[in-house]
Amino acid sequence: MKILLVDGTVFGTKTGAVLRQVEQYIQEYDRSLQLEILYFSKLKHQILDGSPLNEDMQMMIQKIEDADGYIFATPIYQASIPGVLKNALDMISPKALRYKPASIVATGGTYQHHLVVENQFKPILDYFRCLVTPNYVYTHSSHFDKNDEIIDEDIQNRLRELARVFVQYCKLSQTLPKQPVDNH
Ligand SMILES: Cc1cc2nc3c(=O)[nH]c(=O)nc-3n(C[C@H](O)[C@H](O)[C@H](O)COP(=O)(O)O)c2cc1C
């Protein structure tokens, strides 16, 4: 299975650091999964306004639609997910993520915004009918040292557990035909 790890940040480095840690834990649980990180900071983003899409956006759509599972990593912007991440998801066919496993990790500057994942990001992935794991991990600046190493043991344990459950959801996904049986 091809697993795409999406780093939804366009400025900083913490979100990518969490994603690379999850990548390592997933590999420890299942070496057969093909893992690839897609860094949004490396793409020339384009607003979805009806104009023809540039090469980076076409490549991004292809990678997302072709993947068999996802780890989505997002910073919190203005008490929500970044516009660039929502904009990217708006470009994806609503049927392309159906019954594919997905986990969410997030980084924020305040402790108060952890429910952004629960209340705003999860419903979008539910709309796509992803198999969203019940585990998600919210990290805060205090969980990192100055080199963006994750120094909080509880966060490490929760990321490891997220990886463990995600790998099981990958197995579940393989048993489910992806062809829609309805028009919705
Ligand atoms: C435009 C912008 C808006 C932000 N808004 C919030 C916010 O509403 N709540 C919050 O907890 N952190 C907010 N932050 C802080 C980031 O979520 C936090 O610094 C995060 O770790 C950034 O991840 P990164 O290092 O991967 O870019 C904001 C940062 C930026 C740049």
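R129 sits in the loop that links helix α4 (115-127) to strand β5 (131-140). Helices and strands here are DSSP runs, numbered from the N terminus, with at least four residues (H or I) for a helix and at least two (E) for a strand. Residue numbers start from 1 along each chain as its sequence is written. The model is predicted, and local features need pLDDT of at least 70, side-chain atom pairs count only at pLDDT 80 or more, and totals for chains, interfaces and linings use all residues.

The phi angle of R129 is near 60°, a positive value in a residue other than glycine. R129 counts as partly exposed because 16 other C-beta atoms lie within 10 Å. The classes work as follows: a residue is buried with 20 or more other C-beta atoms within 10 Å of its own, exposed with 12 or fewer, and partly exposed in between, with C-beta atoms placed from the backbone.

D148 also has a positive phi, about 65°, although it is not a glycine. Its place is the loop between β5 and α5 (153-174). D148 is partly exposed because it has 17 C-beta neighbours inside 10 Å. S141 lies in the loop between β5 and α5 as well. With 13 other C-beta atoms within 10 Å, S141 is partly exposed. From S141 to K95 there are 46 residues in sequence and 35 Å in space, C-alpha to C-alpha.

F121 gives another case, in helix α4. F121 counts as buried because it has 24 C-beta neighbours inside 10 Å. F121 and S80 are 41 residues apart in sequence, and their C-alpha atoms are 8.2 Å apart in space. Over the whole protein, buried residues make up 32% of the 184 residues.

Next comes the overall plan. The protein has five helices and five strands. Along the sequence they follow the pattern β-α-β-α-β-α-β-α-β-α. The radius of gyration is 16 Å, close to the 16 Å from the globule rule for 184 residues, so the protein is as compact as a globular protein of that length. That radius is taken over C-alpha atoms, and the rule is 2.2 Å times the number of residues to the power 0.38. The C-alpha trace spans about 45 × 40 × 25 Å along its principal axes.

The start of the pattern can be followed in detail. Strands β1 (residues 2-7) and β2 (residues 34-39) run parallel and are joined by six bridges. Two strands pair if DSSP finds at least two bridges between them. I3 has L35 in β2 as its bridge partner. Together, β1, α1 and β2 form a right-handed β-α-β unit. Right-handed means that, with the strands pointing away from the viewer, the path from the first strand over the helix to the second runs clockwise.

The ligand has 17 residues around it, and G12, T15, P75, G108 and G109 come nearest. The elements that give two or more residues to this shell are α1 (14-29) and β4 (101-108). A residue is near a molecule if its C-beta atom, placed from the backbone, lies within 6 Å of it. By class, the shell has five nonpolar, eleven polar and one charged residues. Ala, Val, Leu, Ile, Met, Phe, Trp, Tyr, Cys and Pro count as nonpolar, Asp, Glu, Lys and Arg as charged, and the others, Gly among them, as polar.
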